[in-house]
Amino acid sequence: MSKNKILGFAAAATLIAVLIVLVALTRSVDLEAHNRIVATLREMKQLDAEWNTEVLRSKTGFSEHYDAVARPLAQLASLESRLEQQTAGLIGREGGDAVALALQSYREVIKKKIDAVEHFKSQNAILRNSSRYLPTAAQELGDGITAAGVLPAEKIVPLLADLVNRSLSYILAPEQSRRELIEGQLAQLGRLPASLPAELAEKARLFASHVETVLRQQDAGDVILGELDVLPTAERIDVLSDAIAGQHDRSLLAQQQARQWLIAYSVALLLALAWLASRLIRSFRLLRRSNASLQKAHAELQESQVYMVQSEKMSALGQMVAGIAHEINTPLAYVKGTVDVMHEQIAGLTALLGSSRRFAWLMRQQADKSDIRDEFVKLEALAKKTVDDAVLEEMDALLESSSNGISQISEIVVNLKNFSRLDRAKVSQFDVREGLESTLLLAKNLLKNKVRIDKEFDDIPNISCSPSQINQVFLNLITNAAQAIPDDREGVLTLRTSRAGTDRVRVEIQDNGAGIPADVLPKIFDPFFTTKEVGKGTGMGLSISYKIIQTHAGRIEVDTEAEVGTVFTIELPVQPPVVDDDAMLIDDEMPLAA
Amino acid sequence: MHAMLKRRGGPAGLFLSLAVWAGGNAALAAEPIEPLPLRVELDAAKVALGNKLFHDKRLSRDGTIACASCHRLDSGGVDNAPVSTGIDGAKGGINAPTVFNAGYNFRQFWDGRASSLEEQAAGPIHNPIEMGSDWQQVLAKLRQDPALVAQAAAAYPAGLSDETIVDAIATFERSLVTPSAFDRYLRGDNSAIGLDEARGYQLFKNYGCVACHQGVNIGGNMFQVFGVMGDYFAKRGGPTKADLGRYNVTGLEADKHVFKVPSLRNVALTAPYFHDGSANTLEDAVDVMFRYQLGRSAPAEDKSLIVKFLRTLTGDKQARSLVATR
């Protein structure tokens with residue numbers, strides 16, 4: 001994957017992520033959750049009010065037991081933990097601190113309230129116990145004192161009744177003046193025990209202690225109820241409600257903002273998409289246009305390549321024809337010479353034959369002896385001259401020479417056929433060395449008097465290939481090698497064959513020429529690249545060679561050094577993995593030889 | 001109340017009008033004690049699991065103590081010892097309260113430090129002189145019991161965990177409800193208890209016991225100072241940390257010697273009495289209460305009637321299951 005692609009994916013992912021975040025933000029406010037919190041808070045407030053009522057009912061004696069005062073504890077705990085769960089999501093968000101703070105201060109005050117209510121219950125129980133006992137205790141004490149005759153009933157009973165009366169009134173209206181009166185009467189009672197029997201003294205002490213308990217517990221109860229009264233549980237719940245509502249409002253505002261952002265973002269995305277689409281359409285058009293022009297260029301190029309290949313073919317053919325013409329010309333001239341000589345000899349032989357015929361005719365006619373003699377002398381002289389000049393021997397020798405010349409020409413033709421292998425199948429078993437030999441013969445004219453050929457042929461197996469194509473490569477390389485050798489130097493062309501591993505054959509074609517300059521080297525296999533003058537080379541030779549070796553699943557390499565020479569190394573598989581006629585498509589476009 | 005005052009004769013009329021605040025509301029208000037509910041709705045699978053765990057000694061470090069070791073279901077939900085014996089024979093610091101009807105207590109433990117049975121259940125498991133274990137140990141042991149693990153998974157989606165263990169035990173404990181003859185009496189069956197017992201109940205109210213022992217659990221819904229009208233601890237001697245009661249939880253001076261008022265249900269079965277297990281008999285306990293809480297004396301006959309009443313609070317069948325499958 002290219003860097004641009006990765007960047008593109010990252011950008012797309014980011015855009016989508018932003019979209020998801022914005023959508024999530026617009027859904028962040030759970031109205032139902034908020035309603036549940038509000039309901040819990042309402043329940044808490046309701047419970048708090050009910051609890052206050054229950055405490056007052058206990059205080060005023062309307063409630064006979066404290067179950068109703070104790071029950072809210074569990075309900076408070078469960079409401080608090082429910083609220084904690086419901087608000088857990090709020091804390092940590094914006095405005096969550098205020099909620100946490102309000103919850104904390106509610107907890108503090110409710111804890112104080114729980115403690116106060118507990119103390120109230122304890123206090124109230126004691127108060128009620130003592131107040132309940134006071135009348136009985138007073139009655140028992142009064143009865144006892146009266147019975148014991150310590151004091152007359154009308155003296156002690158009103159005092160005790162007054163104490164009970166005032167103590168119970170103190171519970172209803174704890175006024176300081178009443179308290180002082182009670183304390184005064186208690187002091188009066190306290191002076192009695194000295195004159196009382198032990199049992200009555202204990203009763204008096206108990207009675208006094210219950211009166212004191214009533215006073216003490218009533219005061220303590222007032223303090224506790226005063227505390228309870230000012231404990232701002234309801235206010236704290238309101239503060240908590242406000243904090244939660246405030247946060248809810250903020251969340252709603254944030255949601256609204258997020259919605260606006262989402263709309264803006266969506267519009268921006270749509271615009272971006274539209275822009276991208278228009279760009280895409282434009283570039284698609286551009287692409288189509290350039291594709292069309294490229295196709296045209298490609299067609300033109302193909303056409304010109306066909307032309308170039310054809311031209312290469314013709315140029316190679318021209319070279320070859322020149323070489324072959326020369327090769328054939330030499331024996332031909334020789335044969336012509338001998339034939340001309342023989343033609344000259346024919347006149348002597350014609351005269352001899354004519355004289356022989358005349359002599360024979362004279363003999364048959366029984367002509368004059370003088371005529372016969374004259375003719376005989378003439379014939380004898382002619383025969384003698386023919387024999388003496390060894391005309392027939394000469395002609396025989398000349399015919400033999402002609403025959404040799406003709407044989408040479410014939411050989412050239414055979415090689416030509418071998419080279420092109422027109423008589424064979426496209427793919428066949430081929431001895432590379434044979435191919436090199438034929439190629440050398442065809443290039444003989446180019447190499448003659450200039451290049452010495454060194455052959456270092458190892459024994460190699462036949463390979464399966466298209467012989468005409470491989471020969472074309474050889475001819476191309478050998479021709480190039482010959483042309484690379486400067487005229488002022490004795491050229492050496494070394495041809496080597498060897499095995500490369502078990503299933504490959506290596507051919508090396510080495511010259512001691514000028515070498516290939518470094519700036520040229522990378523381009524030598526490019527089509528149409530040539531160092532020759534315009535019109536002299538097509539620049540297709542090496543490119544075609546490269547293609548041929550490639551289609552044979554082979555390899556062609558070049559190693560060169562300036563002023564030392566160049567070696568082309570070809571490796572070919574004994575059996576190419578795919579011998580496909582289609583793979584050799586180039587064949588049709590190949591020149592017969594270069 | 002009125003009848004009693006009249007019976008005693010004398011200048012009762014003098015106090016009659018004044019007694020309206022102290023006791024007169026009895027006519028207007030309901031009884032200070034309410035009967036146990038007739039039905040308790042709980043999840044039977046959780047109750048069964050809790051029952052098993054309640055008796056499971058693997059909850060203790062050395063596998064010798066279960067919840068039921070101290071809260072014996074066959075003897076009033078207590079062990080009848082002044083203090084309980086934990087692992088390695090360690091003696092606890094306080095008398096074990098009964099597990100029966102504990103679900104109706106407003107808080108758990110004598111000092112009320114646990115606000116729920118669930119909170120309470122974890123306490124003894126971690127107490128070094130009770131079960132001396134921890135959840136990691138307990139869970140490691142229990143998870144080797146495939147049957148228990150399967151039972152827990154059937155009762156709870158979460159399966160076996162510290163939370164489900166305490167929930168199951170607490171649920172089981174809520175099923176330990178013990179309706180008694182007195183509950184039937186409260187529901188209007190006047191023959192459910194004898195005349196003496198009924199008189200005992202009247203005395204229980206009149207003497208002011210009911211000021212603290214009231215509500216459905218006859219106690220268990222408030223705290224009270226032990227020694228309202230006299231210094232119990234000075235008299236007894238040998239102060240312990242446990243004697244400080246709720247002070248150990250709140251640190252408030254006012255909470256010194258303050259304890260949860262215990263439920264009187266099944267009280268006849270749960271001797272010895274008080275947080276220190278100092279009273280061996282109900283009579284002793286009633287005497288102490290009169291002396292230090294009510295600050296008054298009473299004829300022995302009245303006390304024995306009150307004790308008779310207290311015996312009607314014993315459940316008909318121990319730990320009768322009132323559980324209706326929900």
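## An aromatic pair in chain A

A:F376 is partly exposed, at a relative accessible area of 40% (buried is under 20%, exposed over 50%, partly exposed in between; 1.4 Å probe, protein chains only). A:F359 is buried, at 18% relative accessibility. This is a predicted model: local features need pLDDT of at least 70, side-chain atom pairs count only at pLDDT 80 or more, and totals for chains, interfaces and linings use all residues. Residues are numbered from 1 along each chain as its sequence is written, and side-chain values use heavy atoms, without hydrogens and water.

A:F359 and A:F376 form a tilted aromatic pair, 5.7 Å centre to centre with 45° between the planes. Rings of Phe, Tyr and Trp (its six-membered ring) pair if their centres lie within 6.5 Å; planes under 30 degrees apart are stacked, over 60 edge-to-face, the rest tilted. A:F359 lies in helix α8 (residues 233–365) of chain A and A:F376 in helix α9 (residues 369–388) of chain A, so the pair ties together parts 17 residues apart in sequence. Helices are DSSP runs (H or I, at least four residues), numbered from the N terminus.

## Aromatics elsewhere

Over all chains, the search finds 19 aromatic pairs. One aromatic cluster is formed by B:W110, B:F226, B:Y232, B:F233, B:F259, B:F274 and B:Y292.

## The interface of chains A and B

Contact (heavy atoms within 4.5 Å) joins 42 residues of chain A with 45 residues of chain B. α4(A) gives the most to the side of chain A that touches chain B: 20 residues.

Terms used
Chains lettered and ligands numbered in written order. Helix = DSSP H or I, 4+ residues; strand = E, 2+ residues; numbered from the N terminus.
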